[in-house]
Amino acid sequence: MTKLTKAGTLALISSVLLAGCGTAAASTPQPVKATAEHPTTVVFWYGLGGTLGQNVQTLVSQFNRTHPLIHVEADYEGSYSDSGPLQQKLLAAIVAHHPPDVAQIEVHSMPVFAATGALAPLNADLSASTIDGPSHYLPGMAVTTTIDHTTYGVPFNRSVPIIVYNASLFKQAGIASPPTTWPQLVADAKLLTRHNGSKTVYGFAPLANWWPWESQVWSAGGHIMNSQRTQASFDTPAGERVTAELASLIHAGDAEAFPGAEGWDNTMTAFYQGKIAMMEDSSGDLGYDSQQIGNRFAWGAAMMPKDPHEVVPPGGADAVIFKQSSPQVASAAWTFIQWWTAPAQTMAWSETTGYLPVQRAVLTNPAYEKFLSAHPQNKVALAELAYQKQPPQSAHYLALLQYVQDAMQSAFFTNTSVSAAMKTAAQQTDSTLSGQ
Amino acid sequence: MQVVSETIDHAGIRSRRTRRPILWTPWLMLFPALAGISVFVLFPTLAVIGLSFTHWNLLSPHPAWNGMRNYQSLLSSPDFWTALLHTGIYAVSVAGVILPAGFGIAWVLNQPLKARNAYRMIFFLPYVMPLAASGIVFSGLLAPSGGLVNVLLGRLHVAGPDWLGSVHWALVSVIAVTIWEYLGFYMLLFLSGLQQLNPALAEAASMDGAGSWQRFWAVIFPQLIPTAVFAGVMVVIQTFQAFDQIYVMTAGGPVTATTTLVYYIYEQGFQFFDIGRASAASVLFVLLVGVITLIQWRGMRRWGGDPS
């Protein structure tokens, strides 16, 4: 075999390296006129799995059928919530300067992604739009989409936390209506809990989750962060009161909470099986709840209790467009978002899933009025909208929520008191906020 | 061709030094592998070491120098030590069951049994499944209500616990699933060790009047030590790297009941977006695994021959 010279070897290696680098240069998008054969492709990352994911794909297919010049490629990237895979992949993609064109952003994480500087401001698009904008939306829809006067998101699949209850078990216990305050809920849970040999029906199933926790803190007059958003402030008697009552209920055997990664799903399954009389849930699950419960028992939904304030956090996700997309792709992405949030689609999405219809116009649509009279549970989410509160807009808020969730698990499933658990979570949050 | 040159050192003594020409062909052959290792192992490792001295949450454009603060805060954090403890319990439990059980099954399946190849395949089968997939299957089997395990226990009038949701049972359940997954691999290791034994030694011992226990302890077991040490090194590395099954089955919970060191690193990096702290924990993790492997490597040299 002929021996290679130094120059020859370097030339070979360089050519391999250059060939590798060449791909990036060749892939620089050039504006070309979209045709039905070569439509503009919009990459859309979404984070709803299972039945909801199928619903997303159905709507996207419908869009692609009716918009031959645009092709939306909808990719499921794992859950968009709880620092889930979609959030992790998005952050990594932003750092690598290779984000998708459109993504679902969980409403609490909007400040995190806005802080990256990767999101396209939508103020001008919204002002020009005849479909999207606060004047078209239901009240409270814009609480999460704007950070420091710049709007980055459009309400996409929005929800609120609610109480779902088994009306048949309420009737058996002689309770006429669902609770409206936390003390009432605690009293009802005790009445509803029935021990029958080894089988127990629990009165209530609180979620060991940060989302309803926000409502618990606010409804009792607590605050999650200080006004400068430099310190945690939830570890106060007011901030802890409701969570402590729920922990006592669990430890006394009048409520059951399900731990672990599957905690929420297990709560829902136990409710469908009639093992739980009341649960905290998302209005976005109402469609699935209805499907699973069928005719097994009578059921209803109620607003999150107050104590004494009625305050709920927003939920679900908003849609964003990334700055890095070319003007042609960004325009196609904006067409897709407007189509999704237009009254016809948002109504269909709401009726199928239980998520809120984004547009005011839907509420006066006779078809939706008919849907609401057949599904009175969905009215509860609409009534709650007036009480939505904006969560603290901090880039570190997701870390705070993770610390709180760990604290809730400690308080619900071990002997740690709520006050000790929340103190630890507050210290961890403060340490993160101070960059230590 | 060799180039011979004469040089004169400071003492004025002439010495002959042989300069070999650099052979470029081997470097060219090595280039693909070296490039891969550099891009996917070497540079990321150096980057992690660098990041461990910074504060970075992925949001700011550049990491900020933080000195030793990440290391100080980790070593004074109870959560870090809890994760380390869970890793230790996990590794010792899995190794404590899987090594003797793997050997026992290999011993039985090395006997002239009917259909022993079918049994060998059955025991090895779980190892072929991706851990994430078997984790999902076991999450269903171990579900508190409706899971097959608790349904069967219910038939026996036993109320099964919430296997993956209870702070007392979650780690045990994850350990059990890991044992189920890896047992076949260790059986295979011991089986190959048993098949390499020199039968003449055992026969000679029999002729010298050694009983079956003496034959095993004094003749067979010493020959199996290299296999056992290798299996020990493997099980420690595998268990220290445990992540997939924990991510899928428990997400490190409930509370922190199944948070092992690698899951802790993931949590710091991708749940709390504290890349500096996650990198510092990774460096400590590598040091720890390095020290344990070194101890085992020395053990291998002493008892099991040359590991190289």
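**Exercise 1.** Which residues of helix 13 of chain A are buried, and what covers them?

*Solution.* Keep in mind that this is a predicted model. Start by finding helix 13 of chain A, which covers residues 343–353. A residue is buried if 20 or more other C-beta atoms lie within 10 Å of its own. With that cut-off, the buried residues of the helix are A:Thr346, A:Met347, A:Trp349, A:Ser350, A:Glu351 and A:Thr353. Next, look at what covers them: the list includes helix 2 (50–66), helix 11 (286–293), helix 12 (327–341), helix 14 (360–363) and helix 15 (366–374) of chain A.

**Exercise 2.** Why does the radius of gyration of chain A agree with a compact globule?

*Solution.* First, take the length: for 436 residues, a compact globule would have a radius of gyration near 22 Å. Then compare: chain A has 24 Å, so the two agree.

**Exercise 3.** Describe the side of chain B that touches chain A.

*Solution.* Count the residues: chain B brings 31 and chain A brings 37. On chain B's side, helix 1 (24–51) and helix 2 (69–75) each give two or more residues. Helix 1 of chain B has the largest share, 5 residues. Last, sort this side by type: 18 nonpolar, 10 polar and 3 charged.

Technical notes: Residues numbered from 1 in each chain as written. Chains lettered and ligands numbered in written order. Predicted model: local features only at pLDDT ≥ 70, side-chain atom pairs only at ≥ 80, totals over all residues. Buried ≥ 20, exposed ≤ 12 C-beta atoms within 10 Å, placed from the backbone. Helix = DSSP H or I, 4+ residues; strand = E, 2+ residues; numbered from the N terminus. Contact = placed C-beta atoms within 7 Å. Rg over C-alpha atoms; globule rule 2.2 N^0.38 Å. Nonpolar A, V, L, I, M, F, W, Y, C, P; charged D, E, K, R; others polar.
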